[in-house]
Amino acid sequence: CIEDHLGRGGSSCVYRVEFQPVTGKLDLSLPTTSGTMPHQLQPVIVPKGARVPLLVSCRRQNLAADVQLSIDGLPEGVTFSGEPIAANDHLGLTLISASPKAQAGAHLIRLRGEARSSDGESVYSSLTQRIGLSFGEPRKTIYHLVELNQVPLVVTEAAPFQIRVTAPQAPLVQGGRLDLEVEVTRLPGFDEAVQVSLVLAPPWISSVADELQLPPNQSIIKYGLAADRIAAPRAWSLLFVAQAETDRGTIKVASERIPIRVVEPFVNLMIEKAVTRQASSTIVRCDLDWKTRSDREATAVLRGLPKGAFAENIRLRPGQETVEFDVSVAKETPPAIHNTLYVELSVPEQGEIVTHYLGRVGVLEVLEPGASPKEELSRLEILRARQDRNP
């Protein structure tokens with residue numbers, strides 16, 4: 001049965017119907033940082049003896065497969081490495097390196113991608129970058145653009161600094177934190193601040209600070225990574241970039257790929273509700289269920305306490321299953337149900353510290369002198385009570 005969008009059809013109507021086979025399609029481009037200045041950050045500028053990252057955006061149609069990237073036209077002494085873009089991801093991170101003996105100069109390179117469809121056919125694509133040249137209303141609409149299929153690659157003289165990140169031996173736990181050691185080495189005569197950032201964070205893993213800056217008199221810094229509780233437990237590789245202003249302009253260099261492991265927490269922890277009064281004290285008890293036994297002492301810190309409340313840090317014996325925090329509450333502590341408690345648990349592992357954030361939304365109820373604790377009712381019980389009062 002054939003009809004048009006108004007629902008009309010019949011033997012007196014004539015239609016032209018075209019059929020096309022469903023085929024996979026692949027488009028590659030470089031992410032832009034500005035809608036009106038898409039040419040910014042497009043050239044690949046790599047100093048001799050260094051490496052720089054290149055982010056690639058991949059758009060698929062009728063295709064769910066990994067995409068393998070390659071580059072044509074690289075000059076002598078310049079190499080390319082890149083992991084396949086996973087089928088469930090649209091961004092890929094490649095690395096372009098120049099040897100110390102590479103010839104300085106400008107070149108044009110082509111970026112290509114290959115994917116294999118479900119029926120075994122290969123789908124090919126090359127970079128198509130759309131650069132807007134003329135903009136106007138409404139909403140800065142592009143009135144004139146050019147399409148480019150090549151990317152400028154410039155090999156420059158060596159950078160006056162390098163970056164090195166120490167691969168962690170300990171894992172990053174779900175809902176926890178891991179600090180990486182980043183070292184920036186400056187050449188004699190270069191004494192400027194250097195900014196350190198993570199190029200592309202894996203899903204549900206983020207930097208504690210988007211960007212860290214090393215002052216001129218500092219060369220080592222700790223870079224914190226945080227994993228959400230739903231981060232996938234698997235291995236990842238990270239890439240860090242150091243950036244500084246020099247007499248030749250802004251220079252960026254990248255670290256080597258740093259492997260990390262995301263694992264489940266070593267322990268589950270539950271905080272029991274505690275009730276106290278202003279200008280008094282109470283015990284906050286926590287139950288621990290260890291999944292991974294450690295033969296080293298851990299440190300527990302009670303976080304999220306309200307204003308004026310304080311608890312000492314506690315050292316835990318290996319395998320300890322309960323911990324009790326002695327919490328003192330000041331007179332100025334607000335009387336309320338404070339459901340912000342959680343425990344920061346630091347566990348030594350492989351000579352490093354694995355930080356857990358456990359038992360979130362723990363409750364500490366602070367009462368005024370002479371007040372009684374509030375009744376805790378479920379939402380269903382509250383609705384039933386309201387219905388009994390107002391049938």
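Predicted model: local features only at pLDDT ≥ 70, side-chain atom pairs only at ≥ 80, totals over all residues.

Trainee: Which residues have the most contacts inside the largest nonpolar core?

Mentor: The largest nonpolar core has 62 residues. A second, separate core of 27 residues includes V52, L54, A102 and V151. For the largest core, the residues with the most contacts inside it are F161, F240, F325, V327 and L345.

Trainee: What does V327 touch, leaving out residues up to four places away in sequence?

Mentor: V327 is among the residues with the most contacts inside the largest core. Its partners include S280, S281, T282 and V284.

Trainee: How many residues of strand β6 are buried?

Mentor: Strand β6 covers residues 91-98. It is largely enclosed by the rest of the structure, because the buried residues number 6 of the 8.

Trainee: How many bridges join strand β3 to β6?

Mentor: Strand β3 spans residues 51-61 and runs antiparallel to β6. The number of bridges between β3 and β6 is 7.

Trainee: Which residue in β6 is the bridge partner of G82?

Mentor: Strand β5, residues 78-82, also pairs with β6. That pairing is antiparallel, over 5 bridges. The β6 partner of G82 is T94.

Trainee: R60 is buried yet has no salt bridge; what is the nearest side chain of opposite charge?

Mentor: R60 is found in strand β3. A salt bridge needs the nitrogen and oxygen within 4 Å. The nearest side chain of opposite charge is 5.7 Å from R60, and it belongs to D66.

Trainee: Which backbone oxygen lies 2.7 Å from a polar atom of the R60 side chain?

Mentor: The R60 side chain reaches the backbone oxygen of A86 at 2.9 Å. R60 is also in contact with K25, L26, A65, V67, I85 and A87, among others. The backbone oxygen at 2.7 Å is that of D89.

Trainee: Is S346 buried or exposed?

Mentor: S346 lies in strand β30, residues 337-349. Leaving aside neighbours within four places in sequence, S346 is in contact with A298, T299, I353, V354 and T355. The cut-off for buried is under 20% relative accessible area. S346 has 17%, so it counts as buried.

Trainee: How far apart are the closest N and O atoms of R177 and D179?

Mentor: Side chains of opposite charge can pair when their charged atoms come close. R177 is partly exposed at 25% relative accessible area. D179 is partly exposed too, at 35%. The two form a salt bridge, and their closest N and O atoms are apart by 2.9 Å.

Trainee: Why does the K222 and E181 pair tie together parts that are apart in sequence?

Mentor: K222 forms a salt bridge with E181, with closest N and O atoms 3.9 Å apart. K222 lies in strand β18 and E181 in strand β14, so the parts tied together are apart in sequence by 41 residues.

Trainee: Is E365 buried or exposed?

Mentor: E365 forms a salt bridge with K273, the closest N and O atoms being 3.0 Å apart. E365 is in strand β31 and K273 in the loop between β23 and β24, 92 residues apart. K273 is partly exposed, at 35%. E365 has 1% relative accessibility, so it is buried.

Trainee: Which residues are linked in a network of salt bridges?

Mentor: The count comes to 15 salt bridges. The residues linked in a network are E272, R285, D287 and E324.

Methods: Residues numbered from 1 in each chain as written. Heavy atoms only, no water. Core = buried A, V, L, I, M, F, W, Y, C linked by side-chain atoms within 4.5 Å. Buried < 20%, exposed > 50% of the residue type's maximum accessible area, 1.4 Å probe, protein only. Contact = heavy atoms within 4.5 Å. Helix = DSSP H or I, 4+ residues; strand = E, 2+ residues; numbered from the N terminus. Pairing = 2+ DSSP bridges. Lys, Arg positive; Asp, Glu negative; His and termini not counted. Polar contact = N/O pair within 3.5 Å; in protein donor to acceptor, adjacent residues only side chain to side chain.
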